[in-house]
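Work through the exercises below with the sequence and the coordinates open. Each task is followed by a solution in steps.

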Amino acid sequence: MKRNFVLGLLMLAAGLCFTAGTAQAIDLFDGDVVIHGKISEQLLMRAHDTRSWEEYDYTVANARSTLKLETMWHAYKGPEYELNFYGVFKQFYDAADHIDGNYKRMLYDAAGGTDKAINEVRSYSNFKDICREMYSELNGPMFQVRLGKQIVSWGETGFERMVDQINPIDQRGNLNPAYPDFAEIKQGLWMARFFFTPPDQPLDMTYEFLVIPDFEPTVLNPVGYHNTHPRAFNSLNNPNEMYESYYRDAPHDSFSKPEWGGRIRGFLAGYDWTLSYFNHRVDDGVVAPNRALKQGIGPALGSTSFTRNADFSFMHLNHLYPLSDNYRYPWQQDVGFTVNKPVDVRIPIIPGTDLAMTGNIARLEAMWEHNKPALHVEALEGLKSSITRQDRYAVCVSWATKVFMPYVTPYFRNKLLSWTTQLFYEKMPDKHSSDYYYPWVTYEKKRSSWTMVSQELSYEFWNGRILPGFYGAWYCNNGGGYWAPAIAFKPNFGHTFLVRYLAYSHLKDSPANVDSKDSWTFEYTYEF
Amino acid sequence: MKLKIFALGAFGAIALLLTVAPFASAKDLQYPVACYQGDDLKKLQDWEATWVGKKITSANVDQVKDFLPESFYATMKDTGKFGDSWFEIVPYKSAFASAGNVEMTKKYYGQTKLGPSGEILGYVSGTPFPDTKDATEMAHNFRTRDYGDGYNNHDNAWIVDGRLKYDMNSEIKNSLCFFSGRTDMPPVPEFTENPKQIWRAFTMLQLQPPETRNMRIMEVHYKDTLKAYDSWFWMPSIRRVRRRSTSERQDAQGGADYCAFDNMGWDGPVQVNIYKYLGQKDLLMGRHTDSKKLVHTPGDCLFDGTQRERVKMHVIEATSKDPNFLYSKMVWYLDPENWQMLYSDRYDRSGKLWKWIDQLGYVGKGYNGVDVPHFNASQTVDIQRIHATVGSTDIQFGVELAQDIFTLDYLQKHGY
């Protein structure tokens, strides 16, 4: 059954490829209205058998069909002013639970015998998720105003989200945990965004200011999904309730307490730099003080007469099921700095050979998070706890280059290997092992610093039709990491077939127990 | 005493000659010069009486073999790999640079010199070395040729697989603006405000293929030709403006058959190459192309219907100073009337012919209706891989381009 389905998907993709013809956007009214987008089919399968501690022997975690539409209406184009309306809409249907009965049962049981988790991974269920962006934009000679739901990308580096903290993410859109496509998985937020670009500023400075009367927490895959079902959740009756509480407790500030931030961009002596500030609530909730017992009871027991009716508010043992009043989203302040510069030197990799780097760009991104909150366990495994606020410092250095490979490069029409190496380091000087920043900072509760090296490679064969790539990350502190080779085939513009393998290495003791979750991803994408 | 007076007199005379020489030369400078005059023109017209209007196909191309670059002839003849193709012979017509360009050339004649690395020094506007026989100076003439002071254009191109016989389409909008070196469109020769000392600036918006739709690139070249270019791009997939390296221009671009150095014939500093003059050659080149007559058949590496006229092309050989350069040598064919590169051969590292670039010239209309010789179609053929990038473009010369479209914040504000 599974094999037939996969074959059917592949045949559908192949049929589309050979019948769709030239891929073109839809241009209406002489180009004033443009609609383009993509359709994709993705299949994510486990690469290895399940481990003994896993309760369900599933194979397929995603069998997803996605449609994304990007729309632009150039409503007014004058000599000085322009008015545009822009929108991005995305919806998917994931049929994995139809294909793999064990996977369906795992999701069902993880949500206490309900379809809640199944529905969450099957498709977006509300307009908020489907509409990723929708804003109007007024351009003038010295300014731009964007009003509406938007995604903002700050920062320089890939993979590590440092300064790029404006929008929370929705993990349900992420089928590539090795190298998440953040532009695709960020949630749009309703905001006002202002650019001021006055001429003749010192250092060519331009100014950006954001006001965000909207808050959304990070959306996680539900418990029961492939890599959000660690061993510890097996003992709980409804572990997904912890995640549900996470969303229920999100505040609705609106205009009373907007997030706000700003960024200055400048250019000095060949250095392109930005300096930013962002005052915001954390997107990942922190367990409220003295809630450890409460956090365990509801998910452990699930929906029972006791959990539905218990009201020992003096011990915080109320709202046990549905679980709520369990998380807090405190405010913190981010200061970020980015800089980049081309480094115009040829650097031999192996002296005496032609193997060398050219066209180098050095990038640096630094971050100071002030008042970053976390749970501080005071006693009794968290029964007595408080929220601590500390400073976090992080820096990421990136080196992007093109590599000449003897024999290979000349043979393949002088195509150079694209190479990016990143070194990431973070430090929380005051962090104690009883401070639960885990798993979003330092990844291990006993550490106060963390170092990671990542490597990205990409190449092209056959005039850009065969595209191999590699992404790998190594956690220097404990020796674990992951690597993900991929190869894409583009027989024509608009059509991409891709196979990716994701292997986790030495992460047996990781919080999500992902060491056994190596996976294959098969993708077909048609863009127009 | 007599000797002293004589010496002083001679010194004075030499000084006077040196002082007035450039002005006298500028006044007497014959520029532009038609490449056929007198007997040459008569002979040409006799030849044209037989050949103009004839359709030259792969079958009868031998008859005009002497008037074609060897690589072009060989490609037309190799029908097994490249299929049948044809072009039409049209009469020679002059294609001079604009009136403003000629005026600037005369005005600043003699002021431009070559620096120690072969870079250009003291250049203001027009053609820097109009009467040269030196290959390096010719290369600078090509680099500073007439662009109508700036333009908007819309490219439609096909990336052609000649083996599998199919195309992939791309569509791009470009804007190019000269901040200095201007000839026809006020202000000349330079914008009043040019604090960054920019020579020219370029932006590009990609419309097709869909994978890179809305990608924008901006590149700035400076008057100081030894200064590295600056470039940024807006990448929709990551929704960010990112810095680009401009020193690495050898990397193959996408699935196409060129690298950044190949844009417009040669898009890089002149001084990175060593040049050798190979002489003048009478060749059939496209320089008054009606792009509507060009016929592209999917899977064919060559346009049919190119319109070619005889021109006495300057032929120069360019060899990179970088021993690791992707081309062991290039042969440039430059139009003597306007310094446009109409044709070029590129050889791989092992010395084998790799690709040729045929830029099909035409004369557009610029500011106040002045003639602007440029090209409105091109074909880059990789003869080793039987692959090509062919395309045509619609150009508007002499358009008013706001300087702020060549800024980083413009990329940011118009990034979607």
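Two strands pair if DSSP finds at least two bridges between them. Helices (H or I, at least four residues) and strands (E, at least two) are DSSP runs, numbered from the N terminus. The model is predicted: local features need pLDDT of at least 70 and side-chain atom pairs count only at pLDDT 80 or more, while totals for chains, interfaces and linings use all residues. Residues are numbered from 1 along each chain as its sequence is written, and chains are lettered from A and ligands numbered from 1 in the order in which they are written.

**Exercise 1.** Find how strand β9 of chain A pairs with β8(A) and with β10(A).

*Solution.*
- Step 1. Strand β8(A), residues 206–212, runs antiparallel to β9(A), residues 259–268, and seven bridges join them. A:Ile212 has A:Glu259 in β9(A) as its bridge partner.
- Step 2. With β10(A), residues 271–281, β9(A) forms nine bridges, again in the antiparallel sense. Here A:Phe267 is bridged to A:Asp272 of β10(A).
- Step 3. Two residues separate β9(A) from β10(A) in a hairpin, and A:Ala269 in the turn has a positive phi of about 50°.

**Exercise 2.** Decide how compact chain B is for its length.

*Solution.*
- Step 1. Chain B contains seven helices and 17 strands.
- Step 2. Its radius of gyration, taken over C-alpha atoms, is compared with the globule rule, 2.2 Å times the number of residues to the power 0.38. Chain B has a radius of gyration of 23 Å, close to the 22 Å that the rule gives for 416 residues, so it is as compact as a globular protein of that length.
- Step 3. Along the principal axes, the C-alpha atoms of chain B fill a box of roughly 90 × 60 × 45 Å.

**Exercise 3.** Is helix α2 of chain B buried or in the open?

*Solution.*
- Step 1. Helix α2(B), residues 38–51, has 14 residues and reaches 20 Å from its first C-alpha to its last, close to the expected 20 Å. The expected span is 1.5 Å times one less than the number of residues.
- Step 2. A residue is buried if 20 or more other C-beta atoms, placed from the backbone, lie within 10 Å of its own. One of the 14 residues of α2(B) is buried, so the helix lies largely in the open.
- Step 3. For chain B as a whole, buried residues make up 48% of the 416.
- Step 4. B:Gly53, which follows α2(B), has a positive phi near 90°.

Key:
A residue is buried if 20 or more other C-beta atoms lie within 10 Å of its own, exposed if 12 or fewer, and partly exposed in between; C-beta atoms are placed from the backbone.
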